[in-house]
Each structure stands twice: as structure tokens, then as C-alpha cells.
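Hi there,

I am passing a structure on to you, and I hope you enjoy looking through it.

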Amino acid sequence: MWFFARDPVRDFPFELSPDPPEGGPPGPWVLHRGRKKATGSPVSIFVYDVKPGADEQTQVAKAAFKRLKTLRHPNILAYIDGLETDKCLHVVTEAVTPLKTYLKERAEAGGLKELELSWGLHQIVKALSFLVNDCSLIHNNVCVAAVFVDRAGEWKLGGLDYMYSSQGNGGGPPRKGVPELEQYDPPELADGSGRAVREKWSADMWRLGCLIWEVFNGSLPRAAALRNPGKIPKSLVPHYCELVGANPKVRPNPARFLQNCRAPGGFMNNRFVETNLFLEEIQIKEPAEKQKFFQELSKSLDSFPEDFCRHKVLPQLLTAFEFGSAGAVVLTPLFKVGKFLNAEEYQQKIIPVVVKMFSSTDRAMRIRLLQQMEQFIQYLDEPTVNTQIFPHVVHGFLDTNPAIREQTVKSMLLLAPKLNEANLNVELMKHFARLQAKDEQGPIRCNTTVCLGKIGSYLSASTRHRVLTSAFSRATKDPFAPSRVAGVLGFAATHNLYSMNDCAHKILPVLCGLTVDPEKSVRDQAFKAIRSFLSKLESVSEDPTQLAEVEKDVHAASSPGMGGAAASWAGWAVTGVSSLTSKLIRAHPAAAPAETNVPQRPTPEGLPAPAPTLVPATPATPGAWETQEEGTDTAEDSSAADRWDDEDWGSLEEAESVLVQQEDWSTGGQASRAGQTSSLDVKSPESDWSSWDAEGSWEQGWQEPSPPEPPPEGTRLASEYNWGGPDKGDPFAALSARRETGVQLRPDSWGDDNWEGLETESRQGKAELARKKREERRREMEAKRAEKKAAKGPMKLGTRKLD
């Protein structure tokens, strides 16, 4: 039986990259790029080939292998695996780049910032402090070639080939035998004068000075060049001079050197170093300290290196969310760092966290997610939005906090293009109908109208036909003036989605009623919209062949390309005007009583009146509904749809005060001049919702004027009677009672859709029916009482009534 020896190199779980080697420190080691066979993750592989007659070098390489395997420190090159055979040594470490190569690449890209250099040197000095003070080891090889940089920009100390113990139990320093390394030796070792090294760290600190010089000035040509600091920053020069002083006793301990550089005004006293130090100790920090740190982190991320943000800050943010109690404060820096990721990395690292955050019940987190949705919406696919995000977001429509309701409405502008048929045309429309009818906050009702106008092009043709006209018509009856303006502009911006019949029979009658609105801004927009629709109707009247072209979008499938004016509003609802509702919430609570009665809409006769609902009063503060001023109106008839964002909406406080005091124009303002009362005594116009349709529905059905019924046969016109002649009896006696008819819904109305209890009869018909029923009931009760009285007769005084 034959036995074949296994090849340890072939069975090694890591493999070398086919790329040429990256070099390595001066000596026998050669640095290669590699990867782990099982996962493909990148690594660095240091390779030493055993050569005959090089026993001394082989012993140095094996000693370095052993040192690197046993030393563990965040600032020392991290050992992963190794392979030792008779022919070679393989040392696998984290993926790194030689510092010399890294500096060259960054110099070509614009150079390293002082912030990065300060933290890199801080790491190397900290590693030396660990070796000297904690391990009693002398590195004996500090130079540019012994420093490596990982993908996060962290500097790692390597090159442990010539390390020895400072206590002398392992023998003296090994012989290097490499001329390139001898120039880094301190003068007390090179001149042979026999001056003893007073401190164990003196030689390594001299070599640290050489490293600092090379980082700022390039390769060190000779030791004499150290006398000229060159490009070393002024704040570092005094400490550098201590390192390269001829007297070894003056050279500071690595820990002392760090303390000096971290002093106020020192080279390493900056925000970048402080951030890194906090991240290294974040696991032992108090929750309050973490909250403060993450709140301040966003301000500094713009000045930090991109690699540092991606590979060091981002993992800490994700860990803080997963296992810590950081909460919503991590969102802002998280999305800021996310800008540095490509699409694939964003999907892998950020999106799973975002999806999980949407299921949180923390209101602060929910509102921040909604406010910053613009930063990550592009990375969300439609199945994720419809199944994992929208079901959680939709709860915001029912939240008692007005700010969350408002942000939820605005977020629909970004989610609408990714929603499926059921979520967009059914579920979302139900919530919009309820908000526009029942929400007590005027700005939220207004924003609902705004958002509906913006997403109108995404709705299906049947939903557009059923919803848009009714919704904008309802908005024009809103007591809140900006909502009425929003309704008018909504009509104008979606003008291409209406048929000519709808324009003439449904839209223009509504707009004409607004030409006498108490608010001038409403009247102005109404006139502009009327001129636009009339111009459209007139052009079709002059040339009927244009009808097909004008109505091409009416029955077209939903498409974001339709309704270009509506699509252009997107900048307002999410990032434009500051939130009015938020301003209301932030107002001082002392500005209004804690609770107030919200008057209910009038209830038709015969129906029980609902009890008034108590809701927290919302104090009003000035909040400018202003966007860019309207420019020169060169074609206002044709471009009214493009000026959604160009109107001065005034302040919320001013609008409400005008609404409270407004009177019917026919009274000449007599009621308003009769006297002034406090805001608590004046009945809010929002309580008068009699002009609105049924709550929770966009409409009760648009009613066409019925043609007059023909008079009964034999009826003559009034002009045919001889009014001045003798009396010939009642000329109208032949007229029969007219049949009472209810209001019929048009086939294209919402009659088949139950949007919050849509009624099929007019309020006047119900009121009349209830009145007749009450009258009949009263007559029946009176007749019964009369019958009882007549049957029993009058009661005698002093007698007892018997049953």
C-alpha cells in the first residue's frame, strides 16, 4: 500500500493572489496579497523562503513568526494564521498596505490631512508604549518599512524580526545585516564611544523621530538630515526635537510623549483623535456619554477620511443600534456615512438596519426615519417597501402626535412610486380621505392635498377619476386658507388628468365659487386657474380635433412621467418649507389652555348629535408658509400648474386670526366691527364644517342639474291667464303635487366605494324626512293623550287614581 505525503501549502486555507508582491520590510520577508479560500475575504501573506546557508536569517524569521503570533494589541499587526515547513514560512495577517506605498498613493490623490497623520503616529507611539512599558520589549526596527495601514486607515506596527527583551534574559539585540536599516540606529550605538543607553526606550524613540521625519519629508537620505525639521508641523517640532536629541537621557518615554502631544494646542489634540479614542472605549462608556457622542459625531464626519468613516465609524454605529441603547441618535451619522458606500454595500449594511428601525415604537426614531427617507429611498426595492416598510409607516396616519402625522404624509411622496396597486390606490387613499376630512390640524389637511397633487400621476386611471376632483373640491371648502389655495393649485397642476366634461361641469363651478373667497390669495389663484381651464376649453371648442390630444392622459395608465407639473412639486413637501405642524407643537404650552372643545360639524335633524371631543389644544406660533416669491407672470393662463411653490402663504397665526374674524361680504363686516373678543370666546371657523361633504369621503357625488320636469297636461303658462278679469277660481288647482325626488349620484362618482360612510341622499332630503317623522309622531302622541282623557273623564279632587 502506497501512502502519499500531503502538501501543506496546498492544504493551507489561504492562497496567494496572482498579483505581483507588494514588497515588505527590508529583510527576507515578501508581502503578498491573498484571500481565504472558504470566504474570499482579503488577507495579507508574508512569505519567507528558506535558503541554504542562511541559517541566521531563518532563525530571525522564525523568531518574528513567534513574536507576531503571541503579541496581541490593536496597534500591532494582527496575526490570523501561519504555516511553517522546511522550505518556507507563511504568516497570514489582516489585509494591509505598506505605509510607504500608502503615503505615495495618497500623495497622488491630494495628500494626507494632518488629522490622519496625527492619529497614525498616535497609534504607533501607543504600540511602542505597550511593548516597552507593558512587555519590556525593544522593537529595534521602527521605520517606515515596519509600519502598515489597514483599509480603515489605521496604522499598525509590524517588522518584529529584530525584537529583543529589555531585561537581557534573551540575549542582546540580534544582528540585522541589512544596510538600509543601520541608518536608523541612534548615534550612541553607531559611534562606538561606549556611552551606555540610560533608558530602555531611548533607541526606539530615536527611531520614532526618524519615522516622523520620513512621514512628512519622504525617505531619509542620511542621519544628518534629521537636524532640519522640514515640513513637520510647528506644533510637533518641539516634541520631535526631544526624540532626535544627542543625549539619550532626554528622550521621553512613549507614554510621556503621547501626553505631551495631547496637551492643549498639541499636534494630537484634535477632534479626530478624540473620536477614535472614544470609539476604542465605547463599550465601557455610560449611555449618556454615548448619546452625546453620537449627537456631536455628525458635525465632524465631513472632515474625517472616507475610509475611516466606512470601516471604523459605520461598524460602531451598527453595533450601537443592534446591541446598545443609542436609539434614534445614530440615524443622522448612519445616513451620513452611508453616502460613502456603493449600492451593494448599502444594501448589505444599511438597509437591514433601516427596515428593522421602521418596526420600532420609538417616536423619535420614527420621525427621524421619515425626515431622512430621501437619503435611503433609492436603495429600497418595491417588495421591501410594500411588505416591510409601508405597513409600519401607515400607522403614522393614526398617531396622536401631529408632527408624525405630517411627516408620514410627506413621506408618501417618496414611497408612492414604489407602492403596489392595493397600497397606493386603496389603503393610502383611505387614510388621505380621513386626514383631509377629520384632522384637526389645518397644515396637515393642507399637506394631504399637496401630497395628493404630487402623487396624482402614480394613481390608476379609475382612482384618479374618482379621487382627484372630489379631493381638491373638498380642499376648496376647508376653513384653513392655505388648504383652499392648495386645492386650487392641485386642480391646476393636474389639469391634464381631467376630461373636458369634468372641467366644465365639475371643476369650473367649484373654482368660480372661490372668486369671492375672503382670502385674496385664494381669489388670485382661483382666477388664474379659471383662465387656464377656460383657455383649454376654448381651444378645444375652436378645434375639436384637439380633444384626443388634450385628453390623452385622462385614461392612460399610471406613470410618473404624466403630470409634469405635479412631479415638479417634490422639492416642497419634503425639503422645502419648514413644518407648520412642528412649529405648532414646539410652541410654549402656556400660550393656550390645556384642552379645548373641538366643535363638531352640524348634524342633520333626526340624527343623534355626537358628543364634543376633547383634544389637546395646539398653540399657534408664527410660521411662514413661504417659498420663493412669484416671478414675472409671462404666461399665467398656461403655467398656473407650475406655480405650486411660488405663493406667499403667510403665517399660520395671521391666517387663523383672519379666519376667526372673517364675515360674509354682504354684511359689510358689521359683525367684526361690533367688538373684539378673546381667541377663546370667538368660535373658530373650523367648527363650521357645514359646507363639507360626509366625513371621511372625498365627495358625496357630483350632481348634475336635473332638467325641469314638464308641467302636467293642461297646465297653462302664467302669461296665458287673464289676471285682471273676473275671478274664475284658483288657476293652479289643476296642478298636482310634485313628486319629491332625491339627489341621484352620477355613474362616475364614488357611489360604489365606501369611503368613511358615503351617503346617497342629500342632507336637505334627510332633514326634511326627519322633520316630517317628528311631526307625525307628535300628532300621534297628542291623539292618544286626547283619547285617554275623553275615556276616563275629569279627575275629582281628593280621589286616588286607580289603574
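This is a predicted model: local features need pLDDT of at least 70, side-chain atom pairs count only at pLDDT 80 or more; totals for chains, interfaces and linings use all residues.

Residues are numbered from 1 along each chain as its sequence is written, and side-chain values use heavy atoms, with hydrogens and water left out.

Helices (H or I, at least four residues) and strands (E, at least two) are DSSP runs numbered from the N terminus, and two strands pair if DSSP finds at least two bridges between them. Strand 1 (residues 14-16) pairs with strand 2 (residues 30-36) in the antiparallel sense over three bridges; here Leu16 has Gly34 of strand 2 as its bridge partner. Strand 2 also pairs with strand 3 (residues 42-49), again antiparallel, over six bridges, and His32 is bridged to Ile45 in strand 3. Five residues lie between strands 2 and 3 in their hairpin, where Gly40 takes a positive phi near 80 degrees.

Now the helices. The axes (lines fitted to C-alpha atoms over the stretch in contact, with angles from 0 to 180 degrees between N-to-C directions) of helix 13 (residues 331-338) and helix 16 (residues 363-371) come within 10 Å and cross at roughly 30 degrees. The two helices are therefore roughly parallel to each other (angles under 35 degrees count as such). Leu331, Thr332 and Phe335 of helix 13 make the contact with Met365, Arg368 and Leu369 of helix 16 (heavy atoms within 4.5 Å).

Happy exploring!

Definitions and conventions: Angles under 35 degrees count as roughly parallel, over 145 as roughly antiparallel, 65 to 115 as roughly perpendicular and the rest as oblique.
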